[in-house]
Amino acid sequence: MGSASDDFFERFAEVLGQLSCFSLFQDGDDSSFVRECYRTRAAVKDQCPFCSMYVLREDSTLHGKWYFASMGQSPSHVRSHNSSRLNPSGKLSDMPAGDHPEVRIIVLEKGEHLDTVVRRLEKGQFVRFHRGSSLLGVDVEIRTTLTGEEPLKWTSGSDHLAVYCQVECTTAGSFKYRFTADGEECGSGYFLVMPVLMANGKRIPLDGVACQTHLTKLLGSLSCWEKRLRVSKESGYNMIHLTPIHELGVSNSCYSLSNHHALIQTIHEPDRQVTMGDVEQFVHKIEKEWGMLTVQDVVWNHAAKNAQWLMEHPECAYNCLNSPHLRPAYVVDRVYHHFGKEVSEGKWTHRGVPEVVDSIHHTNAIEYLLRTEVLPKMRLHEFFQINIDENVKKFEELARAGASSDILDENLPIQQDPEWRRFGCTVDFDKALKIFNRPRGDASSEEDRVAKCTEAFRGHLNYLNEEAGKAAWEIVMAGLRAVMGHITYERIADHGPKYGAVTERRPLTTDYFLHTENSTSWEEDEHLAYDPDKSRFLQAFNGWVMSADPLKNFALPDSQVYLRRELVCWGDSVKLNYGEKPDDCPFLWKYMKDYTQECARVFHGLRIDNAHSTPIHVAEYLLLAAREIRPDVYVFAELFTGSEHKDNLFVNRLGISSLIREAQAAHDSHEQGRLVYRYGGDVVGAMIQKHVRLAPASVAHGLFLDQSHDNPTPIETRSVYDLLPTAAMVSMASCAVGSTRGYDELVRHAIHVVTEKRPYAQWGVETRIGTGIVEARRILNELHIFLAKAQFTQVFVDQMSFDVVGITRHNPITHDTIVVVSHTAFNKQIIHRDRVHLRHIPIGGVLEEILFEMRMDQESPEPNPENPDVLTGLSNYKVHIRQHLSPENSKMCIVHGRENGAIELTDFPSGSVIAFRIRLTDAARTSIGTIRAVISGNDELERELAHVLDSISLQDYNRLLFTCDAEEWAAIGRGAYDVPRFGKLVYCGLQGLIPVLDWIRENNDLGHPLCANLRDGTWLSDYICSRMEKYYGLAFLSAFFSAILCHLTDVPYYLRPCYFEAIISYLYKHCRKALLRKLSPNISTASSLVRALSVSSVSFVGHVPGAGLAPLPRCLKLEDKHASSLAAGLPHFAVGIWRNWGRDTFIALPGCLLRTGRFSDAKNIIISFAGSLRHGLIPNLLAEGEGCPGL
């Protein structure tokens, strides 16, 4: 190629040589910058992944400072490490690599209300709004709740494709945006800014949360809290979740509060009353000394039935005075109550219903008696019916004034009595007169007319009452079915509690209403519902409704939940009645606001109890109040909406940081593995994303629990052998994780939120490091926190067998990998203690060490007796743990080659867990380091690339970026790249790849056929370089491309799509930029649409053998060997005689050539066609000027 090219390649090789030792750790903050040594957890040095250079660490309380020390390398070698991250003193800069702000784009389209789309952002990122296609040319105003009522300002310019509005995410929470088009509301949505959690000045990533739940009432007095909560600290958790710390109601349920402003009874010391200030000091102490955050439940939806403040402010509840629609439901409730009381007194024994209900014969007898005798007597239909005689009399009096002149022919509906009295319903008499009081041709006199109209009216009322009676009986039967289902479950079902005797403590049915008066019959109670004083205290209890719309308040008049007995009722708590705004119930709104703000002042986070039943507008109001006190409050909740869309609506409106998810919801290990993948992390090998990109719709952030505190333990539902492997699987999820107290200590049953009274064990007394799986949990929690801090953000789940699951966490920067394999045990009857034959685990790199081996073993067949005084677990099971092993010392596996070998699990019974740490091979490290260095930007390299790109012609750019399949065949005898199961790319050049790669990157679609092709081999890279070699003008550039793409050979197959996309996008960006420089100077400053059209115009202009222009004068100086022609259309009019159409050429020539500044190409085409003139006409088909087939 000559000396110039030799000089270039020497410079190019030198630059790449320096970049080959570019550290992978230069991307991200200091937590991801270093491959921290997991084994010692206090590493002071680590070797550069590309050479023998060492990274030295100087530990500091607040942050680590890092140095590079040369091990005999040249100064330029050291500079290649230090270039972008080290300040002149040689110390690591606090600035992450590059100063690019992270921007997430939301494209607005007319009519799109995206209230159920979750878009998660971090503080410091920007939300950028662009007009979509439906809003181009329209005056759009955008407002957000983050910025207030003033519309956002658009950037300057008239190009609607380029201008945008932008908001910096400075505050945590959920923020709504809404926009107008030409003054009309036409769209909305939300963006969610995640809080920053800090413990004693150190950040805890949301994905690094490890939370343990405690029932506050079991912690004892405040002086005992430290010893009992220390179990969490020693188990490796960094967050403690407490159920409400406020005064409990009569049921002793953790969530039934009698006073939201007084502390729980058990917290007080024998000699003094504990205050909220004392609690605040304790929370601050464990944050400072243990580095732990504390979060607490808030209960907004209900209060204990014995709450004194409800007696003083009964308007705060749904009662029979302020909610008269509940009166019939109250009557129904008292009917069931008195029947159950009679059963408990033995009054129905002679009818087959004894005091002890424990067989299907008893429940059948109950159903029969209720259906045929008890329920019919309450005459529910009368609440929905009309007093016929009274209404007929009124109609008759009105009809005597004369026939109505305005006649209506329509149905007359019944109007429900707002006070819900028996026979209190009526009709609209204005409408009734128009329908029934009409002239009658069959009437002999006015008296006769009135009589006939009245009789017709009476007939209609009879019909209305009959229909109301049918509807009422359907309600009665629906309620009876619900009641019998409840009785069957509680008394005789195999999976139920089988209460047996009907007593006051275990009534036959659960009361739906608070009733404080003494009474002997439901008829007597009915009068209370209409008493203006006593009806205030007949208050509806709270509960939840299966499969109901969570946005619908089931206590409002449009709901029949209480009447149809559809409520799973909590008979200890009253549902609170907020109304629609603070003015509707001022005391309640202020009471709860003060309570919420006090909780936010003391605790780092709030869990919303019963979130799906709490009126969403109330929760919005109270969370805004909480964020006034603690802007970065961590908000989490458990939702039972039955719909991800509705979950997302709650997340968006409330700004929920994490949704509680539970591994116990999985029916097998496959589903459990799916949940691990679902709730966190990108796929392994995910594309490198751009700093400015679309804001993706995402899954709500998860707090993934192996067991929640209100569900049974896996010891009961699965097996004791499942606790450890499920805990390991959950710890590998790339989201917040957690558990409940008792799980790690092998407590053999669920710790009940209502009935349990024994305190938790104390650290060092009943619980130690060897108790249950405590030591294993500590290791797993430390691993989980490390993976989050070190940004192992990519996840892969491998179902190795029915019970064995492998989970991979991968660092997308260092490409270090942690693999944890768990042998679950969902079925007590299928426990594998012998060898289970599994396929070998491939090592995609170098196996550095086995982090740990754990297995649950039964030490003795007989469990220890349950402790009646303290909550302790099974002691006849023990976890055996071995850590930081070389492969040859493993007892669970055989390693067949540490580099790119395979792992054979040999002794891996149920209840076992094993973890491996794998790194890239040296060759892969070097290649990836070089690629990342190139794509991150290097001034010297980019100058050389720009020099090469500036030296090629526009005809070369047509070949570099475009040329369709037919053109390529005509030029070099080969076509476009054919991707199996996808087809041929549209263009042979880079532009054929870019739209496909953009789609894959934006959607992380690693299942795309192109990715599969890249994983299978480097054929596409070879294709790109080899086709460029065949074009003389691109041969030099081909060598440049090849020098970079060749590094993909050593990149692991699963990372190849990621780095191929990064290289091609990087090169395409520079090629496109250089192309625009070669076009008219006006193009680079034109609108984005004009720039895009200008680039696309290059696809039509080029030289194709056999489809050239007519001969040109030799005096014309050509930039290329052959003049370029203008294709009539791609791909069908690109070659042969069909390429050069006179009409199409001259229609397109002004835009493709004159507007883009390609005057020389335009001149050549004009002269060529001019030379083929016949009779003053240019040829329709030029055919290289030979024969001119058409004019």
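**Sheets, strands and backbone angles in a predicted model**

Biologist: What is the strand order of the open sheet of 7 strands?

Modeller: This is a predicted model, in which local features need pLDDT of at least 70, side-chain atom pairs count only at pLDDT 80 or more, and totals for chains, interfaces and linings use all residues. Residues are numbered from 1 along each chain as its sequence is written, and side-chain values use heavy atoms, with hydrogens and water left out. Strands (E, at least two residues) and helices (H or I, at least four) are DSSP runs numbered from the N terminus, and two strands pair if DSSP finds at least two bridges between them. The pairing in this open sheet is mixed, and the order is 25-29-30-31-37-33-34.

Biologist: Which are the edge strands?

Modeller: An edge strand here pairs on one side only. The two are strand 25 (682–683) and strand 34 (877–885).

Biologist: Which residue is the bridge partner of Gly806 in strand 31?

Modeller: Strands of a sheet pair through backbone hydrogen bonds, either parallel or antiparallel. Strand 30 (residues 804–810) and strand 31 (residues 817–823) run antiparallel and are joined by 7 bridges. Within strand 31, the partner of Gly806 is Val821.

Biologist: At what angle does helix 19 run to strand 33?

Modeller: Helix 19 (residues 774–789) packs on the sheet and touches strand 30, strand 31, strand 33 and strand 34, where contact means heavy atoms within 4.5 Å. Axes are lines fitted to C-alpha atoms, for helices over the stretch in contact, and angles run from 0 to 180 degrees between N-to-C directions. With strand 33, the direction of helix 19 makes about 145°.

Biologist: What is the phi of Asp182?

Modeller: Most residues other than glycine have a negative phi. Asp182 is found in the loop between strand 10 (173–181) and strand 11 (184–194), and Asp182 is exposed, with a relative accessible area of 56%. Although Asp182 is not a glycine, its phi is positive, at about 50°.

Key
Buried < 20%, exposed > 50% of the residue type's maximum accessible area, 1.4 Å probe, protein only.
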